[in-house]
Amino acid sequence: MPTRHTPESIVIADTPAAILRWAALHIEHVGIHQGPRLFAGPGRTATLPCWPRGALEVAAGHGRGAAGRTYDWDRIDRARDQAFGILAETLTGHPVDADDPAAAKALHREAIDRWSAEPGRTAADAAHAFRTAAVRAEHALF
């Protein structure tokens, strides 16, 4: 049975590359929305906007865990954070990092949000960026 890349799926990716690929399919499904329409897209979840950072969170299982099923959330969260880092680096064209892990996370999210908010940004742009980052993640040493 093929993996379903939708918010309804209980299958949760647990590697940076898989999360990025899942996010690409998700953003193609829901589209990208900016400004006050962040929650307006089809297939969006009640708590996550239809934009790149929201797609990464959906791909990493935010709001999708099934009752009675066990997930390795430490592994998934670590992979999600690595996916954020490699996507930020892919979008900016240079490393986006800091000595403090919390500061690095904030920088990654800021870089992604800034890119996402550029006027005219499309779901196709985001999906392409996710897939480019996924290829890089497959070869990265984390």
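What percentage of the 142 residues in the protein chain is made up of buried residues? Buried residues, meaning those under 20% relative accessible area with a 1.4 Å probe and protein chains only, make up 46% of the 142 residues.

The model is a predicted one, in which local features need pLDDT of at least 70 and side-chain atom pairs count only at pLDDT 80 or more, while totals for chains, interfaces and linings use all residues. Residues are numbered from 1 along each chain as its sequence is written, and side-chain values use heavy atoms, with hydrogens and water left out.

The protein chain holds 5 helices and 0 strands, where helices (H or I, at least four residues) and strands (E, at least two) are DSSP runs numbered from the N terminus. Its pattern along the sequence reads α-α-α-α-α. Among contacts (heavy atoms within 4.5 Å) with a separation of 6 or more, 64% are between residues 24 or more positions apart.

Helix H1 has 15 residues and reaches 21 Å from its first C-alpha to its last, close to the 21 Å expected at 1.5 Å a residue, the expected span being 1.5 Å times one less than the number of residues. Of the 15 residues of H1, 11 are buried, so this helix is largely enclosed by the rest of the structure. The buried residues of H1 include Ile19, Trp22, His26 and Val30, and the buried set packs against H2, H3 and H5. Just after H1, glycine 31 takes a positive phi of about 85°.

Two helix pairs can be set side by side, with axes that are lines fitted to C-alpha atoms over the stretch in contact and angles that run from 0 to 180 degrees between N-to-C directions.

| Helix pair | Axes come within | Crossing angle |
|---|---|---|
| H1 (residues 16–30) and H5 (residues 123–138) | 8 Å | roughly 170° |
| H2 and H4 (residues 101–116) | 8 Å | roughly 125° |

The axes of H1 and H5 cross at roughly 170°, which makes H1 roughly antiparallel to H5, a term for angles over 145 degrees.

Technical notes
Parallel < 35°, antiparallel > 145°, perpendicular 65-115°, else oblique. Buried < 20%, exposed > 50% of the residue type's maximum accessible area, 1.4 Å probe, protein only.
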